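Subject: Structure for you to look through

Dear colleague,

Please find below the structure that I said I would pass on to you.

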Amino acid sequence: MRTPQPALRTSRARAGFSLVEVAVALGIISFALVAIFALIPVGLTSSQTAIAQTGANDILSAVFTDLRATPPTAPVGQSATTQRFQIPIPAAAATTSPASAIFYFDSEGQAKSYVQANSRYRLSVAFLPNTNARAATLAFLKVTWPALADPANAAGSVTMFAAFDRN
Amino acid sequence: MRSRFRVPASVLKFQRSTAFTIIEVLVATTVLSLMIVLIAQLFSSATSVITLGNKRMETDVEARALLDRMAIDFGRMIQRADVDYFVKSPTDAMTGDNDQIAFYAEVPGYYPSSGSQSPVSLVAFRMNASKLCLERLGKGLLWSGGATASNTAMVFLPLTIKGEWPAATNQNSDSNYEVFSSQIFRFEYGYVVKGQTLPDGTMLPSIYSTTPWDTRAGVAHTSIRGFQDVSAIVVSIAMIDSKSRVLVSDTSLSALAASMADFDPSQYPNPGDLEKQWQSQIDSSRLPKSVTSGICIYRRTFSLTR
């Protein structure tokens, strides 16, 4: 930064860094630091998402098993309720989709129909219309987190489409 | 800086402005030390968050590898009424300890050096009680060609896994065992038994069970018959990351594992109840926080397709 200005060389004006120089240096350093610090939340978010996705997949596998293990009714096609999560399965043929069943799961995988302080995931089970009484029952499962967030604004989600035989 | 030493003697009276006063130095050092303290706090909290995240990620990776392997093995399990299974059942209750499972599956294994390799292997998972690790047996089996080649080919009932390959059903050593994970310290599983509707319209709901067949009135099966009544196998595991593992002795970890309940639907009927009991045992154990923060519980439901 020592510009060769012989006239000023002997005066004390160039004894140290000028205020402008320091300000510019600080500006560059802070710019770099901000960029580096911005990487930390990115890493944390991606690891949190990975953890949440693992948990959500475990929930989906448990719920799908519950739906599949529920026996067919006699006569077939009547409404039923699953045993473990108490999910109401509509009667076939469903012409309209009933309201989605909503559940809230904590980190240990316990399901409740209401939000608790330790709820982490929100599961919605929507049954789609199927064509006739002997057709497959169609379900759309969606796990979102955090539990309190509206699914449209959730931090992340895992979805699954399930078709299972209830005959 | 060099120019300072070339200042003529005539201007030495202005020396005050060429160096810092003690006040300036004091103020600068105070500000610097304050900043260092703040940044150190920032770094220490960031480090603890990152350490916790790393622990969690390490167990996640290990658990995913293990559970994915189980998904493949269970998915390719040979489900026939005429073959034997060594699984949790009234004859092998596996209570008060880690579980063990052995079955035939269409997966590759370690084959004998000679003979025609069949696509079937004997697969077993067990916790090695002395080494505190999960071991997987993948014993490649040969085509028997009708011969009674002992211990090398798949056998049908009444020959049992226990009779032919005792190491798959106990703690004996076998060269085909490989350590799958040294971070897992508790391994439990149970079954989701299918619901059934009887001809008279009575519904038998699906249940969690420690018996792999339906013993309820109306159906009352008495044998596994190729997992005919089982809808899914539910596996629960507890894992500890390697950094926390070195802080805890085998004895303490075994004691913690022993305090974590068995898969018992009569006491823990709903999904997550068992995991809650495990977590409360971990939280109430005397292990330091740095150890318990590295323990994670995983549960996976493996649907059996038929």
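This is a predicted model: local features need pLDDT of at least 70, side-chain atom pairs count only at pLDDT 80 or more; totals for chains, interfaces and linings use all residues.

Residues are numbered from 1 along each chain as its sequence is written, while chains are lettered from A and ligands numbered from 1 in the order in which they are written.

Chain B has an average pLDDT of 86, and 92% of its residues score at least 70. Helices (H or I, at least four residues) and strands (E, at least two) are DSSP runs, numbered from the N terminus. With that in mind, confidence in chain B is highest in strand 1 (residues 100-105), at a mean of 93, and lowest in strand 6 (residues 196-197), at 83. For the model, ipTM is 0.75 and pTM is 0.80.

Next, the place where the chains meet. Counting two residues as in contact if their C-beta atoms, placed from the backbone, lie within 7 Å, the contact takes 27 residues from chain A and 35 residues from chain B. On the chain A side, helix 2 (residues 19-69) of chain A gives the largest share, 13 residues.

Now to the interior, where a residue is called buried if 20 or more other C-beta atoms lie within 10 Å of its own, exposed if 12 or fewer, and partly exposed in between, with C-beta atoms placed from the backbone. A nonpolar core is then a set of buried Ala, Val, Leu, Ile, Met, Phe, Trp, Tyr and Cys residues joined through C-beta atoms within 7 Å. The largest such core has 69 residues, of which Phe103(B), Leu122(B), Ile233(B) and Ala238(B) touch the most other members. Strand 9 (residues 230-240) of chain B contributes the most to this core, with nine residues. A second, separate core of 26 residues includes Ala62(A), Val125(A), Leu141(A) and Val143(A).

Phe103(B) belongs to strand 1 of chain B, where it points to one side together with Ile101(B) and Ala105(B), while Gln100(B), Ala102(B) and Tyr104(B) point the other way. Six of the six residues of this strand are buried, so strand 1 of chain B is largely enclosed by the rest of the structure. Strands pair if DSSP finds at least two bridges between them, and here six bridges join strand 1 to strand 2 (residues 117-128) of chain B, which run antiparallel. Across this pairing, Phe103(B) stands opposite Val123(B).

Elsewhere in chain B, an open sheet of four strands has the order 8-5-9-10, with antiparallel pairing. Strand 8 (207-209) and strand 10 (295-303) of chain B are at its edges, each with a single partner strand, so one side of each lacks a neighbour in the sheet. Strand 9 and strand 10 of chain B pair over nine bridges, and Ser236(B) stands opposite Arg299(B) in strand 10.

Two details of the backbone remain. The peptide bond from Trp145(A) to Pro146(A) is cis, with omega near 0°, and Pro146(A) is found in the loop between strand 6 (137-145) and strand 7 (156-164) of chain A. Met94(B), which is not a glycine, has a positive phi near 55°, and it is found in the loop between helix 1 and strand 1 of chain B.

With best wishes

How values were computed: pLDDT is the predictor's confidence in each residue, from 0 to 100.
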